[in-house]
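Let's take a walk through a protein model together. Keep the picture open as you read, and look for each part as it comes up.

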Amino acid sequence: MNPIVEIKDLCFSYGGELVLERVDLEVFPGDFLALMGPNGSGKTTLVKLMLGLLRPLTGQINLFGTVLERFREWYRIGYVPQKATGVDVRFPASVEEVVMAGRFGRLGPGRRPGPLDRRAVDEALAVVEMSACRRRPVSSLSGGQQQRVFIARALAGQPELLVLDEPVVGLDSRALDSFYNLLALLNKQMGITLLTVSHDTGAVTRRVNRVACINRTLICHGTPAEVLTTANLVRLYGAPVRRVTHGHR
Ligand SMILES: Nc1ncnc2c1ncn2[C@@H]1O[C@H](COP(=O)(O)OP(=O)(O)OP(=O)(O)O)[C@@H](O)[C@H]1O
């Protein structure tokens, strides 16, 4: 099976010291991968490099078998950026308008949305259980509901790979659990490959099949059982970390 994302010997710097050093990483079709690491360890930078938002210093990134510089099929990748939630109250767009924006990559410049696009929006809203809120301004929703809308926006483009950067900031443990259940459903039932940046060593690791730990270099990579050992967490975070578990499981 060929990887969807293939990162080879990647180095990056914002101008000073290296922020990423000789990182290799592969994401395969059907994976649900958590990218973990302490604050400032390079997770968001790696995601931005993967999405072509930053240029590598050295190394190579292939997406769906094409070297990133020549990759044009961006509609195959959905992205939910960090801090997607916390929408300003003056932001006037309705839920369905925001979700329709996720179709623009498929629509191409100048084309108006048609029945297929409206159906994709309906389906995306149904998956995240937000159909009933479709006419509400996004700014009137809770953080967890906004997060679902931004996922629906990414889903409306019918991506094969969904990349989420720290999607659970500000969610309580109940919202967190239902959010991770939603991701597991996208992965298992809809066959979408997922890469999520996460700080959480508990709830997310029960759903993912692979974990990659990064702190400038790739510290370790494998199944949650292989990776999330006390020794690795000490290597990653520099001190013993209490594994976060959510009591009822
Ligand atoms: N635009 C920028 N210019 C200069 N340095 C930056 C920039 N963005 C990030 N950095 C630095 O690069 C390093 C990696 O940052 P990055 O945001 O990738 O880390 P992260 O692992 O996503 O952190 P967090 O978990 O806190 O979101 C940090 O030292 C950060 O200060």
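If we skip its neighbours within four places in sequence, Asn187 is in contact with Phe32, Ile192 and Leu194; two residues are in contact if their C-beta atoms, placed from the backbone, lie within 7 Å. Before going on, a word on what you're looking at: this is a predicted model, where local features need pLDDT of at least 70, side-chain atom pairs count only at pLDDT 80 or more, and totals for chains, interfaces and linings use all residues. Residues are numbered from 1 along each chain as its sequence is written.

Is Asn187 buried or exposed? Asn187 counts as buried because it has 20 C-beta neighbours inside 10 Å. The rule is that a residue is buried with 20 or more other C-beta atoms within 10 Å of its own, exposed with 12 or fewer, and partly exposed in between, with C-beta atoms placed from the backbone. Asn187 sits in helix 6, residues 173–188. Helices (H or I, at least four residues) and strands (E, at least two) are DSSP runs, numbered from the N terminus.

Now zoom out. The protein chain has eight helices and 10 strands, and 37% of its 249 residues are buried. Of the contacts in the chain with a separation of 6 or more, 69% are between residues 24 or more positions apart.

Some of those strands form an open sheet of six, in the order 6-7-8-3-9-10, with mixed pairing. Two strands pair if DSSP finds at least two bridges between them. Strand 6 and strand 10 (217–222) stand at the edges with a single partner strand each, so one side of each has no neighbour in the sheet. From one strand to the next, the twist averages 15 degrees. Strand 9 (residues 210–215) and strand 10 run antiparallel and are joined by five bridges, with Ala212 opposite His221 in strand 10. Our helix 6 packs on this sheet too, touching strand 3 (32–36), strand 7 and strand 8 (193–198), and its direction makes about 155 degrees with that of strand 8. Axes here are lines fitted to C-alpha atoms, for helices over the stretch in contact, and angles run from 0 to 180 degrees between N-to-C directions.

There's another open sheet, with four strands in the order 2-1-4-5 and antiparallel pairing. Its edge strands, strand 2 (18–27) and strand 5 (66–67), each pair on one side only. Six bridges link strand 1 (residues 5–13) to strand 2, and Val5 has Val27 in strand 2 as its bridge partner.

Next, find helix 5. Helix 5 is mostly covered, with 11 of its 14 residues buried. What does the covering of those buried residues include? Among the elements involved are helix 2 (95–101), helix 4 (115–127) and helix 6. After helix 5 comes Gln158, with a positive phi near 50 degrees.

Finally, look at the ligand. The residues around it include Tyr14, Val19, Lys43 and Thr44, counted by a C-beta atom, placed from the backbone, within 6 Å. Helix 1 (residues 43–50) gives the largest share of this shell, three residues.
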